[in-house]
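Dear colleague,

My notes on it follow.

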Amino acid sequence: MKNKIIMFSILAIIIFCIFRISVFREAALLIIISFITAYAFKPLFQKLIKLGINKRISALLIIFLIVIFFALIIAVLIPSIIKEASNFTSTLDSIQSIVNYYYNKFKLLSTGTLKNLVYSLNDNITKKIQIAVTSSLEKVMNIGEEFLSLSVIPIIVYYFLADGERINNRMVILFPIKTRNIVKRIGKDIDKTLNRYIISQFILSIFMSILTFIVLVVLKVNFPLTLAIINGVFNVIPYFGPILGGIPAILMALLKSPKTALWTMIFIFIIQQIEGNIISPKITGDSVNMHPLLVILLIIIGAKIAGFWGMLLAIPIGVIIKIIYDDIIYYMY
Amino acid sequence: MYRIKDFLYMDVYSTSGKRFGFIKDIVIDINSKLIKGFKISSNKIFNKNEIVLSQNIISFSNNMVIKTVSDGNYISFSDIKNTDVVDINGNTVGMISDIIFEMNNFNIKGIIISTGLIKDIALGKKILIPEATILGEDTLLYIIDKKNIEFVSSAHKLCWEDEESNEK
């Protein structure tokens with residue numbers, strides 16, 4: 001018994017140190033990100049292997065895919081952000097002039113408190129928008145600084161994919177012998193469920209992206225490709241995703257004209273309905289068996305912790321915890 | 001002897017290697033205490049639930065090989081899961097939580113009842129003999145009045161597998 005206490009306390013101290021010392025923390029974060037990326041692409045990797053391609057070449061292909069994907073995103077997004085940024089100041093000015101116009105129209109409302117209220121609201125909104133824009137630009141610049149560490153990620157992903165089996169076996173050795181059997185069983189269950197979840201979400205996202213792309217191109221909205229991809233990616237998040245994904249598209253359409261925005265809204269709504277009621281239940285099937293309230297709660301917690309990525313990862317993490325709980329209860333009786 | 005979890009999400013193949021889908025539920029007939037087959041969630045677009053009847057099952061271990069799928073409406077386990085179990089005096093004994101069955105003759109050997117989350121941990125889940133039960137519309141009636149013998153599956157150590165639990 002005493003040995004166990006000593007062992008656990010040493011383990012706890014090690015983990016604590018890792019998270020405290022920033023160097024280790026960044027390394028650990030990189031490894032976690034690479035692991036999640038590698039795991040997300042594992043279904044594709046296994047499909048390539050089934051087609052007969054060598055393990056290492058498949059892993060190489062996949063990281064090429066990831067790198068090219070990100071390079072494309074950067075090449076497409078950055079010019080458009082810069083272009084939109086210059087539009088932004090003019091939009092802010094027009095918002096300001098609209099507020100002034102209405103304020104002057106309703107001169108009756110020029111009592112002291114109401115005037116202050118309107119102006120302070122206006123100030124707040126402008127300030128918030130400015131902060132948002134500057135912070136996002138800063139983030140983009142930060143990514144440039146972190147380039148060295150980011151470029152390590154594809155390499156780590158390659159090793160996780162190519163040598164995944166070996167790493168897995170080594171990891172199981174970490175656990176005490178008595179628990180290894182049940183750890184392996186839990187691992188297999190988690191693997192099966194997450195595999196299905198990832199494949200189904202991939203298919204859903206691609207499907208939604210294609211549909212949104214067609215709609216946006218037909219309605220002649222700007223940046224159909226980026227918006228379609230955003231909509232597809234956001235669709236992975238169960239209940240909030242479709243709304244959040246549709247908003248950028250509708251905003252872009254609004255820049256063209258209110259009528260296009262209305263049509264975009266209607267079409268996107270139709271697409272979400274088709275996806276939600278017909279396709280998604282079929283593809284996701286019964287893989288994730290969680291009560292909707294629990295799902296919403298998880299998404300909210302995920303959003304609070306880590307924003308967009310939190311929402312995306314909240315469901316898989318919830319699924320993992322549920323599987324561990326279910327398996328322990330099952331094997332305990 | 002198997003429980004439901006051993007079969008859930010098992011891939012189902014035909015003898016030619018074609019994948020039908022995965023098992024998502026068990027089709028049971030409580031009143032004759034038999035497993036009629038398994039419900040398959042199929043890959044195809046149309047939403048029909050496919051059933052594989054037990055006589056069409058060829059073999060299974062990590063995956064299942066079957067002859068052909070059938071169609072139809074049957075009662076599956078998820079329909080009766082968590083229904084209340086009452087005894088003759090009207091007291092609620094617990095909720096249906098799982099079943100124990102054999103695969104060589106598809107008999108249901110036992111019904112596992114959960115008496116409550118905390119009570120489960122303390123006293124273990126109860127096991128009922130299916131011959132002593134009658135399935136009603138929304139409850140399961142448990143007939144045995146004199147509790148001379150009670151079957152219990154109590155919480156045991158997860159980690160070190162004893163010889164008794166090494167049957168698979």
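H9(A) covers residues 224-234 and H10(A) residues 241-256; they pack at an angle of about 165°, with their axes 7 Å apart. Axes here are lines fitted to C-alpha atoms, for helices over the stretch in contact, and angles run from 0 to 180 degrees between N-to-C directions. Helices (H or I, at least four residues) and strands (E, at least two) are DSSP runs, numbered from the N terminus.

Please note that this is a predicted model, in which local features need pLDDT of at least 70, side-chain atom pairs count only at pLDDT 80 or more, and totals for chains, interfaces and linings use all residues. Residues are numbered from 1 along each chain as its sequence is written, chains are lettered from A and ligands numbered from 1 in the order in which they are written, and side-chain values use heavy atoms, with hydrogens and water left out.

On the H9(A) side, Leu227(A), Ile230(A), Asn231(A) and Phe234(A) make the contact (heavy atoms within 4.5 Å). Their partners in H10(A) include Gly241(A), Pro242(A), Leu244(A) and Met252(A). The residues of this contact divide into eight nonpolar, four polar and no charged. In these classes, Ala, Val, Leu, Ile, Met, Phe, Trp, Tyr, Cys and Pro count as nonpolar, Asp, Glu, Lys and Arg as charged, and the others, Gly among them, as polar.

Helices H8 (residues 177-218) and H12 (residues 292-332) of chain A pack at about 140°, with their axes 10 Å apart. H8(A) and H12(A) are therefore oblique to each other. Among the residues that meet are Ile182(A), Ile186(A) and Tyr197(A) in H8(A), and Val319(A), Ile323(A) and Tyr331(A) in H12(A). By class, this contact has 13 nonpolar, one polar and three charged residues.

Helix H1 (residues 2-20) and helix H2 (residues 22-40) of chain A pack at an angle of about 95°, with their axes 5 Å apart. H1(A) and H2(A) are therefore roughly perpendicular to each other. Ile18(A), Phe19(A) and Arg20(A) in H1(A) meet Ser22(A), Phe24(A), Arg25(A) and Ala28(A) in H2(A). Four nonpolar, one polar and two charged residues form this contact.

Over all chains there are ten salt bridges (a side-chain nitrogen of Lys or Arg within 4 Å of a carboxyl oxygen of Asp or Glu). One joins Asp191(A) and Lys42(A), at 3.6 Å, N to O. Asp191(A) lies in H8(A) and Lys42(A) in H3(A), so the pair ties together parts that are 149 residues apart in sequence.

As to confidence, chain A averages a pLDDT (the predictor's confidence in each residue, from 0 to 100) of 78. Chain B has a mean pLDDT of 81, and 87% of its residues reach 70 or more. Residues 162-168 of chain B have a pLDDT below 50. For the complex, the predictor gives an ipTM of 0.72 and a pTM of 0.73.

With kind regards

Notes: Parallel < 35°, antiparallel > 145°, perpendicular 65-115°, else oblique.
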